[in-house]
Amino acid sequence: MAAPQDMCFAPDPGALEVLDALRAAGYRAYFVGGCVRDSLAGRTPADWDICTAARPGQVLDLFGAQRCIPTGLQHGTVTVRAAGGLYEVTTFRVEGGYADGRHPDHVDFVDDLQADLARRDFTINAMAWAPGEGLADPFGGQADLLVHRVVRAVGDPARRFAEDGLRILRLYRFGAREQLSLDPATARAAIDGRARLGCVSAERIWQELAKLLSAPRPAGWMPAEIMDVLLPGLGAAADPAGYAACLRAVDALPPDPLARLAALLCLRGAGFAGRSLAALRCSNAEAKQVQTLVEYGALAPDGTVPPRRQARRLLARLGPDTLLRLLALRRAQTGDTAFDELAAAARALLAENACCGLGQLAVTGRDLLALGVKPGPAVGRLLAAALEQVVEERLPNRRDALLGWLQTHLNTQEEP
């Protein structure tokens with residue numbers, strides 16, 4: 001009869017094919033890490049990683065060159081194709097020396113599963129499982145995940161963070177994602193070792209920070225001391241009241257990392273936001289989106305203008321994605337339900353496909369050229385003026401109405 005925890009595991013066919021092939025060839029092999037954690041937590045894993053006693057060359061020989069990608073042979077990893085998927089197979093290993101505070105100076109392949117699990121970051125990630133053999137859990141990860149509800153380092157937490165500074169961010173990310181408390185000794189070591197974050201590339205910092213900000217309610221896992229290292233100049237520790245207000249907005253927002261990042265950067269304004277986004281090396285699109293949210297961080301509803309017209313004006317200026325993010329952000333920051341009315345009006349306009357941008361306008365630059373307007377800035381100016389008439393609901397977005405209005409202004413030599 002299967003052990004109770006075995007009922008949690010449902011490997012996809014490709015992953016099981018790779019594992020079975022290794023074991024049939026006489027090699028010890030297990031599913032390991034995140035897929036084990038997620039299965040025990042009742043989630044479907046995104047990836048099924050495998051650890052094995054087989055050396056990289058033996059994995060290559062077993063599956064053949066056509067099915068293998070030598071992803072990281074020096075670290076023992078081969079990616080194997082099976083059933084339309086890709087599966088990482090990594091040899092049991094121990095690691096020695098971390099001169100750069102991020103990557104091992106060398107790895108040694110071993111035959112011992114427990115030695116391999118001992119090098120991992122947290123107990124909830126230091127578990128392995130194989131059908132017929134069951135769960136290998138030498139450090140109590142299952143109990144930490146399901147009973148104690150805690151993220152705990154494997155062994156000495158200070159050593160774990162000294163080996164790889166990224167693990168500090170992973171600590172908070174796993175805590176927030178699983179809604180787990182932090183083992184006190186592990187939490188202290190993370191704060192004490194926060195300078196190690198300086199060894200981590202900006203790209204990896206942003207990847208982990210985005211994952212943290214995508215958790216259900218991450219504010220409880222964003223200590224000021226850590227955020228001041230990630231976003232130098234934020235001054236969270238020196239301004240606890242201001243930072244607490246930012247965190248309330250973060251938790252009040254949907255799990256949208258860009259809006260939540262903007263909520264943090266609003267603490268110090270647009271100039272600080274620009275510097276921070278450049279330092280994080282966000283993509284151009286992400287940086288532009290967050291910068292715009294911060295720049296419009298003082299947006300307030302206008303009680304003298306109907307919500308539909310306000311929403312239409314804002315859609316014309318910002319576009320739908322940015323506006324809806326902005327309205328959610330301002331609602332979270334202020335608690336003002338008038339932002340909900342604006343969001344509802346914006347969604348109604350979008351559902352109607354109401355004209356809120358030049359691309360939706362019923363006339364184009366060619367129409368203006370046909371009316372005799374010379375190519376140049378005047379074309380853009382006239383189209384913008386026509387769009388304003390539609391947005392302000394002075395004219396319908398119909399070609400005949402707009403051409404008539406434009407012709408009138410051209411004939412009378414008026415500026416629209």
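## The pairing of E8 and E9

Ala128 has Ala136 in strand E9 as its bridge partner, and three bridges in total join strand E8 (residues 128–130) to E9, the two running antiparallel. Strands here are DSSP runs of E with at least two residues, while helices are runs of H or I with at least four residues, both numbered from the N terminus; two strands pair if DSSP finds at least two bridges between them.

This is a predicted model, in which local features need pLDDT of at least 70 and side-chain atom pairs count only at pLDDT 80 or more, whereas totals for chains, interfaces and linings use all residues. Residues are numbered from 1 along each chain as its sequence is written, and side-chain values use heavy atoms, with hydrogens and water left out.

## The sheet and its helices

The order E3-E4-E5-E2-E1-E8-E9 describes an open sheet of seven strands with mixed pairing. Its edge strands, each pairing on one side only, are E3 (68–72) and E9 (134–136), and the twist from one strand to the next averages 35 degrees.

Helix H1 (residues 13–24) packs on the sheet, touching E1 (29–32), E2 (50–52), E4 (77–82), E5 (85–91) and E8, and its direction makes about 150 degrees with that of E1. Helix H3 (residues 56–63) lies across E2, E3, E4 and E5, running at about 15 degrees to E4. Such angles run from 0 to 180 degrees between N-to-C directions, with axes fitted to C-alpha atoms, for helices over the stretch in contact; contact means heavy atoms within 4.5 Å.

## Gln310 in helix H15

Gln310 belongs to helix H15 (residues 307–318), and it counts as buried because its relative accessibility is 9%, where buried means under 20% relative accessible area, exposed over 50% and partly exposed in between (1.4 Å probe, protein chains only). Leaving aside residues up to four places away in sequence, Gln310 touches Pro301, Asp302, Val305 and Leu342.
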